[in-house]
Amino acid sequence: MSHKPVLFTAIVALLGFGMTPLFASQMPGMPMPATSQTDSQKSLDAEMMSHQKEMQTLLAKLQASFQAIVNASDSNGYVRDKSIVKAHEADITALRNAVRNHKLFLIDYERECGVNRKQHDAMMQHQEHMKAILYDVVDTFSSYEDANDASIDQQPDPVEDALSAHRRAMKELGDAIAQHKQAMTQMMKTCSTKSLE
């Protein structure tokens, strides 16, 4: 008996097994399997919540450094220890960077999950609102720094007024971040529902 049929069968079997991964792999343009989409979305959801948690943490830090300014104010409203003022400035910068990074992340999220036009518009409005409030936080803090400059001989009212304006801007920022969290939660729910369809 010839060994050729056995050898031929073995070669075909090896070639078949060797080619299986090629057919099983993802072809360009083909939809990803549902489990892969779900895993990808879970990863994005976790990252989104991580971003939100980071913003909440930075907001708490910002509020604490603001309270340090209030606590360090003398009877005329001035803070002589400039390191306390500079620490608050650094916290403002950190929060601004986090909001900027979060906007970039939302673009990636929509790319992965698909764009819901109504939610997209609402999220962009939130982003613009937060951007305006952050500008107000920076602007009122800059006014406070000018008023707190010990080299300027002025009445305490401008310092107190500047601090009050900054306090209002920070309150608005806290409210905007809370609203933004609600909008993101809704976006994740919509994406989850879409992936189950």
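Close-up 1. Tyrosine 144 sits in helix H4; helices (H or I, at least four residues) and strands (E, at least two) are DSSP runs, numbered from the N terminus. Leaving out neighbours within four places in sequence, tyrosine 144 is in contact with Ile69, Gly77, Val79, Val85, Val159, Ala162 and Leu163, where contact means heavy atoms within 4.5 Å. Histidine 166 is 22 residues away from tyrosine 144 in sequence, and the C-alpha to C-alpha separation is 7.5 Å.

**Close-up 2. The largest nonpolar core.** Which residues touch the most other members of this core? They are Leu95, Val137, Tyr144 and Leu173, out of 28 residues. A nonpolar core here is a set of buried Ala, Val, Leu, Ile, Met, Phe, Trp, Tyr and Cys residues joined through side-chain atoms within 4.5 Å. At least two core residues come from each of helix H2 (34–72), helix H3 (82–113), helix H4 (117–148) and helix H5 (157–196). H5 gives the largest share, 8 residues. Zoom in on valine 137 and you'll find it touching Ile92, His166, Ala169, Met170 and Leu173, not counting residues up to four places away in sequence. There's also a second, separate core of 6 residues, with Ala183, Met184, Met187 and Met188 among them.

**Close-up 3. Aspartate 91 in helix H3.** Buried or exposed? Aspartate 91 is buried, at a relative accessible area of 9%. This aspartate belongs to helix H3. Setting aside residues up to four places away in sequence, aspartate 91 touches Lys61, Leu62 and Ser65.

**Close-up 4. Aspartate 81 in the loop between H2 and H3.** This one counts as partly exposed, with 39% relative accessibility. The side chains of aspartate 81 and serine 83 are joined by a polar contact of 2.5 Å. For a polar contact, take a pair of N or O atoms within 3.5 Å; within protein, one must be able to donate a hydrogen and the other to accept it, and residues adjacent in sequence count only if both atoms are side-chain atoms. Isoleucine 69 is 12 residues from aspartate 81 in sequence and 9.0 Å away in space, C-alpha to C-alpha.

**Close-up 5. The whole chain, with its confidence.** Zooming out, the chain has 5 helices and 0 strands, and 30% of its 197 residues count as buried. Of the contacts between residues at least 6 apart in sequence, 83% join residues at least 24 apart. On pLDDT (the predictor's confidence in each residue, from 0 to 100), the chain averages 76, and 69% of the residues score at least 70.

**Notes for all views.** Residues are numbered from 1 along each chain as its sequence is written, and side-chain values use heavy atoms, with hydrogens and water left out. As this is a predicted model, local features need pLDDT of at least 70 and side-chain atom pairs count only at pLDDT 80 or more, while totals for chains, interfaces and linings use all residues.

Conventions: Buried means under 20% relative accessible area, exposed over 50%, partly exposed in between (1.4 Å probe, protein chains only).
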